[in-house]
Amino acid sequence: MQATIPAGLDRKEADLYRHLDPGRLPKHIAIIMDGNGRWARRRHMPRIAGHRAGVTAVRSTVETAARIHIPALTLYAFSEENWKKRPKSEVDFLMRLLGRYLKLEVPTLNKNNIRLEYIGRQQELPEAVQERMQWARAATAKNTGMVLTLALNYSARTELVDAFRSLVQAAARNGGIDHLQVDEEAVCRHLYTKNLPDPDLVVRTSGEMRLSNFLLWQLAYAEIYVTPTLWPDFRGQHLLEGIAEYQKRERRYGGLNDDHAHHHASSAAQRVERTASRVAAQE
């Protein structure tokens, strides 16, 4: 039975979607958006031109994800390390670009029933940016479709530090350090992403083979899809190509697939039967 094509997809996206299993779409996709600088350099343009072009890629990707009913999409927009490794002029431009993006895209988010959230140390961002972020979150708060999370001033190691601090503070409020309980479930409750499922799929653009300090805890069992496409050239069709690759893979979470497990069990049963037969013959 052919899948019903969601409204709003272009012809290329629709062709790709026809080959997907709608019942096995990722519940949460995380994207490391990379390649803005290289995109601009290849065109002999300043780096900021790449960042500006990247906004179009965000719009296309977000809308396509929402149209095919992906429950959660997280974009790595600005890392904590960016403050230290980028020129101040570039960082200032990125902050202005973020403010403009939030102002201009809220109507599109509302049209697509998308709720906006953030992860990262937001309190360290410029005050004007924080105010715009709060405004955009409030403006989309009643939407019930996809949750779009922007990772801003984000670092996975910082997130873990903040989680452990939060654990200790919670124990202190509950009677002291003797009440500190640390296990995986407790850590998850104190992560920035506590209200999101762990990503099933992480997409990295520009061909780089690293996670760049992004969601290190949450990506423990995520499928990794790397595309050579630079972020400004990334569109909804590329997202669907990543999902198609994801659906070709078998997720075992450290276990065995059913066929292997069945073969292993059958082999073990046969060994037991042979041993029992030898013992019976000896008797």
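Which residue in β5 is the bridge partner of I32? The legends below begin with that pairing. This is a predicted model, in which local features need pLDDT of at least 70, side-chain atom pairs count only at pLDDT 80 or more, and totals for chains, interfaces and linings use all residues. Residues are numbered from 1 along each chain as its sequence is written, and side-chain values use heavy atoms, with hydrogens and water left out.

**View 1. Strand β1 pairs with β5 and with β2.** The bridge partner of I32 in β5 is R204. Strand β5 covers residues 201-204 and pairs with β1 in the parallel sense, over four bridges. Strand β2, residues 72-79, also runs parallel to β1, and five bridges join the two. In β2, T74 is the bridge partner of A30. Two strands count as paired if DSSP finds at least two bridges between them. Helices (H or I, at least four residues) and strands (E, at least two) are DSSP runs, numbered from the N terminus. The protein has ten helices and six strands.

**View 2. Both faces of β1 are covered.** In a regular strand, side chains alternate between the two faces of the sheet. On one side of β1 sit H28, A30 and I32. On the other sit I29 and I31. Five of the five residues in this strand, 28-32, are buried. Buried means under 20% relative accessible area, exposed over 50%, and partly exposed in between (1.4 Å probe, protein chains only). Of the 283 residues of the protein, 46% count as buried.

**View 3. The largest nonpolar core holds 49 residues.** A nonpolar core is a set of buried Ala, Val, Leu, Ile, Met, Phe, Trp, Tyr and Cys residues joined through side-chain atoms within 4.5 Å. L148, L150 and I243 touch the most other members. Helix α5 gives the most to this core, with ten residues. Apart from it lies another core, of twelve residues, among them A151, Y154, A156 and F214.

**View 4. L148 has contacts with residues including V62, Y101 and L109.** Contact means heavy atoms within 4.5 Å. Residues up to four places away in sequence are not counted here. L148 also touches L73, L75, I114, R115, L116 and E117. Among contacts in the protein between residues at least 6 apart in sequence, 76% join residues at least 24 apart.

**View 5. The largest cavity has about 30 Å³ of space.** Rolling a probe the size of a water molecule over the atoms shows where empty space is left. On a 1 Å grid over the protein atoms alone, a cavity is a set of points where a 1.4 Å probe fits but cannot get out; lining residues have an atom within 4 Å of a point. Grid points are joined across faces, edges and corners, and a volume is the space filled by probe spheres set on the points. A search of the whole structure finds one cavity of 30 Å³ or more. The lining consists of R59, V62, E63, Y101, E105, T108, L109 and I114. Helices α3 (47-67) and α5 (88-111) are the elements that give two or more residues to this lining. The most come from α5, with four residues.

**View 6. H44 and N113 have positive phi values.** Phi of H44 is near 55 degrees, although H44 is not a glycine. H44 lies in the loop between α2 (36-42) and α3. H44 is exposed, with a relative accessible area of 76%. N113, also not a glycine, has a phi of about 60 degrees. The loop between α5 and β3 (115-119) holds N113. N113 is partly exposed, at 28%.

Technical notes:
On a 1 Å grid over the protein atoms alone, a cavity is a set of points where a 1.4 Å probe fits but cannot get out, and a pocket is an open set with protein on both sides within 12 Å along at least five of seven lines; lining residues have an atom within 4 Å of a point.
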